[in-house]
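I opened the model with a notebook beside me and wrote down each thing as I looked it up.

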Amino acid sequence: MNRNPVGTRRGGLRIWVLVLFAGYAAYYWFSNRSIDPLTGQAVVIDRSISPEQETALGLQAYQQVLQQERPLPADAQVSRQVGAIAQRLIAKIPPVSDALAAEHGLQASHIEKSFDWKVSVLQSDQVNAFCLPGGKMAVYTGLLPVAQNADAMAVVMGHEIAHALLRHGAQRMTRGKLEQLGQMAGAASGMDQGTMQTVMQAYGYGSALPYARSQETQADELGLMLAAAACFDPRESVPLWERMDKNSGGGAQPEFASTHPSAGTRISELEKLMPKALQYRVKFCESAAQG
């Protein structure tokens, strides 16, 4: 005999709540799924997030950064050097995008046509650079002594440009919505806070962090091809990441707990890509072809 019909009904209701949320999440995932022509991989981007919205968010973030950091004058030597690297990379986006998309039997969307490119050099010890949706870029002066040369700097900047071209920001926003759905489902089903934290931690290690690392790997490949096509030496990417690893002083998180691949993994993948990058250099770099 069931001595707790109320508890049984509550348990059944919780299951139905989870089923409904799971059904909607699956519908949301499949209805917003597409194939990225530059990688040939399936991506999920909420169709309500337009490139124009991304650009507006990117501009807002860029303006905030410039208010907080100290940009060097545009006519400073390092600003001109970084700007020249950016222009060479930007010029090769159309042909490289077309070539990568053709490898997957697809056509490039050329999202870069709507970008309003601008690059600033920021006076800071951070070993970092970024490119926001819409083409607003920045390089921190702390990166210069680690990069050491224009070839390595082009690899870093190409990587950052790739994040914007691949719409990784919109992908992360979409994934954030799915994560919110999961948390709402857990709360609605009566899941206690401790269990929720355990579930989200497991989700992070099992799905969210590998997902972030895969985006970094995608940006590494596209960025390397851009640098090679723009007549930079892609082979400088390997010593660059050796210096990056040395600069971290061994303080980097273990790969499984990080949003980025380890330096060793990155170097291994870059070495695998090197023959293709050198082919892109011969194909798209006019001076290399002539030489």
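**Entry 1: salt bridges**

I searched the whole structure, which is a predicted model, and the search came back with nine salt bridges. Before going through some of them, I reminded myself that side chains of opposite charge can pair when their charged atoms come close.

I began with glutamate 103 and lysine 276, which form a salt bridge whose closest N and O atoms are 2.9 Å apart. I then noted where the two partners sit, and found that this pair links distant parts of the chain, with glutamate 103 in helix α4 (residues 93–103) and lysine 276 in helix α10 (residues 263–284), 173 residues apart. Is glutamate 103 buried, partly exposed or exposed? Its relative accessibility is 44%, so I put glutamate 103 down as partly exposed, since that class lies between the cut-offs of 20% and 50%.

Next I looked at aspartate 233 and arginine 235, whose side chains also meet in a salt bridge, at 2.9 Å from N to O. For arginine 235 I wrote down a relative accessibility of 49%, which counts as partly exposed.

Lysine 272 is exposed, at 58% relative accessible area, whereas glutamate 269 is partly exposed, at 33%. I also noted that salt bridges with shared partners join Glu103, Glu221 and Lys276 into one network.

**Entry 2: helix α4**

Just after α4 I came to glycine 105, which takes a positive phi of about 70°.

**Entry 3: how helix α9 packs**

I turned to helix α9 (residues 237–247) and its packing against α10, where the axes are 9 Å apart and the angle is about 180°. An angle over 145 degrees counts as roughly antiparallel, and therefore I recorded α9 and α10 as roughly antiparallel to each other. On the α9 side the contact is made by Ser237, Val238, Trp241, Glu242 and Asp245, and on the α10 side by Ala263, Arg266, Ile267, Leu270, Glu271 and Met274. Sorted by class, the residues of this contact are six nonpolar, one polar and four charged.

Then I looked up helix α6 (residues 150–165), whose axis comes within 9 Å of the axis of α9 and crosses it at roughly 80°. How do α6 and α9 lie to each other? I wrote roughly perpendicular, because angles of 65 to 115 degrees count that way. Ala152, Val155 and Val156 of α6 make this contact with Ser237, Leu240, Arg243 and Met244 of α9. Here the classes come out as five nonpolar, one polar and one charged.

**Entry 4: two buried residues**

I found serine 79 in helix α3 (residues 77–91), where its relative accessible area of 12% makes it buried. The side chain of serine 79 reaches the backbone oxygen of proline 73 at 2.8 Å. Leaving out residues up to four places away in sequence, I listed Leu72, Pro73, Ala74 and Val121 as the residues that serine 79 touches.

Alanine 138 has its place in strand β5 (residues 136–140), and at 1% relative accessibility this residue counts as buried. With residues up to four places away again left out, alanine 138 touches Ser120, Leu122, Ala129 and Phe130. I also noted that alanine 138 and lysine 118 are 20 residues apart in sequence, while their C-alpha atoms are 8.3 Å apart in space.

**Entry 5: the whole chain**

Last, I stepped back to the whole protein chain, whose secondary structure comes to 11 helices and five strands. The chain has 291 residues, of which 43% count as buried. I then looked at contacts between residues at least 6 apart in sequence, and found that 73% of these join residues at least 24 apart.

Definitions and conventions: Residues are numbered from 1 along each chain as its sequence is written. Side-chain values use heavy atoms; hydrogens and water are left out. A salt bridge is a side-chain nitrogen of Lys or Arg within 4 Å of a carboxyl oxygen of Asp or Glu. Helices (H or I, at least four residues) and strands (E, at least two) are DSSP runs, numbered from the N terminus. Buried means under 20% relative accessible area, exposed over 50%, partly exposed in between (1.4 Å probe, protein chains only). A polar contact is a pair of N or O atoms within 3.5 Å; within protein, one must be able to donate a hydrogen and the other to accept it, and residues adjacent in sequence count only if both atoms are side-chain atoms. Contact means heavy atoms within 4.5 Å. Axes are lines fitted to C-alpha atoms, for helices over the stretch in contact, and angles run from 0 to 180 degrees between N-to-C directions. Angles under 35 degrees count as roughly parallel, over 145 as roughly antiparallel, 65 to 115 as roughly perpendicular and the rest as oblique. Ala, Val, Leu, Ile, Met, Phe, Trp, Tyr, Cys and Pro count as nonpolar, Asp, Glu, Lys and Arg as charged, and the others, Gly among them, as polar.
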